[in-house]
Amino acid sequence: MRQLLEGRCITDRLADVPEPLAPDVVIRGTGRIFDSQLGRGDPAATLAIRALQEATINAGLTASDLARMPILVASSKGAIAALFDTHQRVSAATLGPHGYLCSLIQSQTKSPSCRAVVAACASGLFALDRAARLLRRREAERVAVVAVEASLVPLLIASYKRLGVLPPVTNESYRCRQMDTNRC
């Protein structure tokens, strides 16, 4: 928190990363990908489950509390990596990447329900709104909301490059400068 207040961000670590860079190398270098890609299952599900576990602990709740509350999963792509995994492909194709993501999360957390909220970049906000509505209508006492993306899939990266929506791959282009009009 102190570093954030001092104006520092995670992409400040890029000074130590050599060029030329690929997007997945940048993200690994800044600490945004961890062993979720090395574990079994889809990286999005692994990240979501870890986030839910951490949030549950931070809220002073237990796994049994989480098992009694509905979960809303905000994700624009869902468990997209599962479509490219020979062990998961059939299930992911049958349920769709969002349905498969919810099924993985629900099986791990034992939640009574897990629903996907898909609204592109606004998925997280829509999920929070849906959770607030559930609470206001007293349809749930608590609701867990998790937003997750794990879209460093070679096909998606190639698609983004072809569309021209990725910045030039340099240390400077990956620095976090949301309010800078000269950002990439």
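What share of the residues in the chain is buried? I got 35% of the 184 residues. A reminder to myself: this is a predicted model.

Next I looked up the secondary structure. I found seven helices and three strands. Reading along the sequence, I wrote down the pattern α-α-α-α-β-α-β-α-β-α.

Then I turned to contacts. Among those with a separation of 6 or more, I noted that 61% join residues 24 or more positions apart.

For the surface, I have an accessible area of about 11,600 Å². Carbon and sulfur atoms hold 55% of that.

On to the salt bridges: I searched the whole structure and came away with three.

I took Asp65 and Arg68 to start with, and their closest N and O atoms are 2.5 Å apart. I checked the cover on each partner. Asp65 counts as buried because its relative accessibility of 14% falls under the 20% cut-off. Arg68, at 58%, is exposed.

I then looked at Arg133 and Asp129, whose side chains meet at 2.7 Å, N to O. I have Arg133 as partly exposed at 42%, and Asp129 as partly exposed at 34%.

My last entry is the salt bridge between Glu139 and Arg137, at 3.3 Å from N to O. Glu139 is exposed, with a relative accessible area of 51%. For Arg137 I also wrote down exposed, at 51%.

Terms used
Residues are numbered from 1 along each chain as its sequence is written. This is a predicted model: local features need pLDDT of at least 70, side-chain atom pairs count only at pLDDT 80 or more; totals for chains, interfaces and linings use all residues. Side-chain values use heavy atoms; hydrogens and water are left out. Helices (H or I, at least four residues) and strands (E, at least two) are DSSP runs, numbered from the N terminus. Buried means under 20% relative accessible area, exposed over 50%, partly exposed in between (1.4 Å probe, protein chains only). Contact means heavy atoms within 4.5 Å. Accessible areas come from the Shrake-Rupley method with a 1.4 Å probe; for residues, only the protein chains shown count as cover. A salt bridge is a side-chain nitrogen of Lys or Arg within 4 Å of a carboxyl oxygen of Asp or Glu.
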